[in-house]
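Dear colleague,

Please find below the structure that I am handing over to you. My notes on it follow, arranged by topic.

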Amino acid sequence: MIAIPPSRETAPLEWLDDLRESSGVAWDESTSTWYVTRYDDVYALLGDPRLGAQVETWCPPGLTEEQRKTYWRVTEFVDLWPVFSDPPRHTGMRRLLLPLFTPAAVGRVVTALKESVAATSPGTPGDRLFEGVVRPALAAGLACLIDEPPETLAELADCATRILAVGPSETYDPRVGLDAENALDELTEHVAWRCEARRGVLASALGDAMAEGALDLQDATAVYAQLVTGALEPAAAAVARLLEAVTGPKGEAIDLTASLDAAVDEALRLATPFHLAMRRGLTDFTLHGHVIQAEARVVLVLVAANRDPRRFEDPLAFRLDRTGARHVVFGRGRHACLGAALTRHVMRELVVELTAGEVLKELPPLSAVWNVDFGGRFVHDMVVGGVCVTDRREGAGRRCG
Ligand code: HEM
């Protein structure tokens with residue numbers, strides 16, 4: 001029988017794992033991109049000043065004048081997000097965001113999360129734990145971080161998702177571009193109003209920076225967009241992976257009382273919600289004999305690194321006894337996730353709260369239904385007893401495991 005190699009569209013994780021095992025560093029002609037997949041290389045390059053984060057974009061051919069305008073407006077906006085910015089602009093934005101993550105701010109997030117669990121858990125059946133208790137608790141906590149009600153956080157996150165749907169130039173769809181532009185208008189209007197009113201830590205910091213001329217409204221909107229996209233869904237994915245392990249659908253039920261911290265990090269590693277860190281060569285350099293040229297697009301594949309058997313023995317197993325390499329789920333270096341400590345704290349507190357309320361006691365095994373694509377893994381829902389719901393009508397990558 002001839003083995004059919006996994007395709008990047010239908011089996012992205014397997015495709016990336018294959019890339020790691022075959023070459024480690026590979027040039028992909030169809031996307032004009034270098035992919036770096038082995039842990040040691042990804043780890044080193046995340047902290048390497050020869051790579052910048054602002055990736056070049058080019059306009060797809062065949063667009064009308066109107067469509068080109070929309071395309072550039074949306075892609076230039078995405079370039080402003082902190083995660084796609086280089087110094088000195090990036091340094092200023094990062095400094096501005098730091099007050100959001102003080103111990104007092106984190107304390108408020110945890111209080112909101114606990115109140116939400118207390119309000120939603122009584123009467124919610126075990127098989128609705130994720131949608132009925134966990135997701136609302138995460139939303140309440142993270143909404144509190146940016147001083148918005150949870151419903152507004154959801155609306156803003158939806159705007160940011162529609163903006164990001166423009167995707168890479170190779171797959172640009174002008175209709176999606178138009179929707180992205182509308183979403184950008186909605187988000188900008190909201191941010192202008194919030195910054196004007198200076199309500200909350202984030203809006204005050206952004207409003208002050210705008211008044212001083214350090215930022216403009218587009219910059220402030222970019223900061224909001226990054227926060228609302230980068231916070232809720234990845235945290236939900238990591239918690240889902242933790243709940244799978246705690247309830248033990250695959251005979252792996254773990255004892256949390258023994259090492260909650262290790263369990264949180266193992267769930268994060270196995271979830272790795274953002275698969276990729278996008279970079280651009282700032283200068284020519286050589287990597288394992290390959291010349292990476294200045295301006296080349298370089299993708300550091302966090303998910304392949306986190307499953308690299310060279311650094312994580314039996315990489316797909318949920319193990320609490322790992323020592324040595326630290327996962328790169330939050331990136332590292334200049335763009336290291338600002339929400340990393342908060343996410344770990346929130347995951348721990350959520351489990352403690354669910355355990356204290358005996359919500360986790362005698363819970364049936366839960367399995368996540370994942371939405372996996374090339375760029376990431378997010379959780380659609382959690383179902384009981386390892387039942388796998390695969391609904392390909394709404395997207396190619398939905399599956400269990
Ligand atoms: C499981 C949850 C999370 C994961 C897996 C995650 C992952 C990441 C990764 C991989 C990066 C770096 C990307 C790169 O180097 O290109 C990043 C950056 C960032 N994350 Fe997170 N994140 C999570 C939660 C959060 C939360 C809760 C917040 C804030 C509320 C947050 C805010 C940020 C910000 C502001 C950056 C940009 C940092 C910079 O560019 O300087 N993240 N995150």
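Where is the place of Arg128? Arg128 belongs to the loop between helix 5 (103–120) and helix 6. Please bear in mind that this is a predicted model. Arg128 is partly exposed, because 15 other C-beta atoms lie within 10 Å, whereas a buried residue would need 20 or more.

Helix 10

Much of what I have to report concerns helix 10, which covers residues 217–247. Its 31 residues should span 45 Å at 1.5 Å a residue, and the end C-alpha atoms are 46 Å apart, which agrees. Of these 31 residues, 29 are buried, so helix 10 is largely enclosed by the rest of the structure. After the helix comes Gly248, which has a positive phi, near 70°.

The surroundings of the ligand

There are 28 residues around the ligand, and those that come nearest are Pro234, Gly331, His335, Cys337 and Gly339. Two or more residues of this shell are given by each of helix 4 (89–97), helix 6 (129–145), helix 10 and helix 13 (340–356). Helix 10 supplies the largest share, with 7 residues. By type, the shell divides into 21 nonpolar residues, 6 polar residues and 1 charged residue.

The nonpolar core

In soluble globular proteins, nonpolar side chains tend to be buried together. Here the largest nonpolar core has 114 residues. Val42, Ile163, Val239, Leu242 and Val301 are those with the most contacts inside this core. Helix 10 again gives the most, in this case 19 residues. As for Val239, leaving aside residues up to four places away in sequence, it touches Val134, Leu138, Met347 and Leu350.

Helix 7

Helix 7 runs over residues 150–164. Which residues of helix 7 are buried? They are Pro150, Leu153, Leu156, Ala157, Cys159, Ala160 and Ile163. These buried residues pack against helix 3 (65–78), helix 6, helix 8 (174–197) and helix 10. Ile163 is also one of the residues with the most contacts inside the largest nonpolar core.

The model has an open sheet of 5 strands in the order 1-2-7-4-3, with mixed pairing. Why is one side of strand 1 (25–28) and of strand 3 left without a neighbour in the sheet? Both strands stand at the edges, and each has a single partner strand, so one side of each has no neighbour there.

The pairings that I can describe are these:

- Strand 1 and strand 2 (residues 33–36) run antiparallel and are joined by 4 bridges; Val25 stands opposite Val36 in strand 2.
- Strand 4 and strand 7 (residues 297–301) run antiparallel and are joined by 5 bridges; Met278 has Val299 in strand 7 as its bridge partner.
- Strand 3 (residues 51–52) and strand 4 (residues 276–281) pair in the antiparallel sense over 2 bridges; Gly52 has Arg280 in strand 4 as its bridge partner.

With kind regards

Terms used:
Residues numbered from 1 in each chain as written. Predicted model: local features only at pLDDT ≥ 70, side-chain atom pairs only at ≥ 80, totals over all residues. Expected span 1.5 Å × (residues − 1). Buried ≥ 20, exposed ≤ 12 C-beta atoms within 10 Å, placed from the backbone. Near = placed C-beta within 6 Å. Nonpolar A, V, L, I, M, F, W, Y, C, P; charged D, E, K, R; others polar. Core = buried A, V, L, I, M, F, W, Y, C linked by C-beta atoms within 7 Å. Contact = placed C-beta atoms within 7 Å. Pairing = 2+ DSSP bridges.
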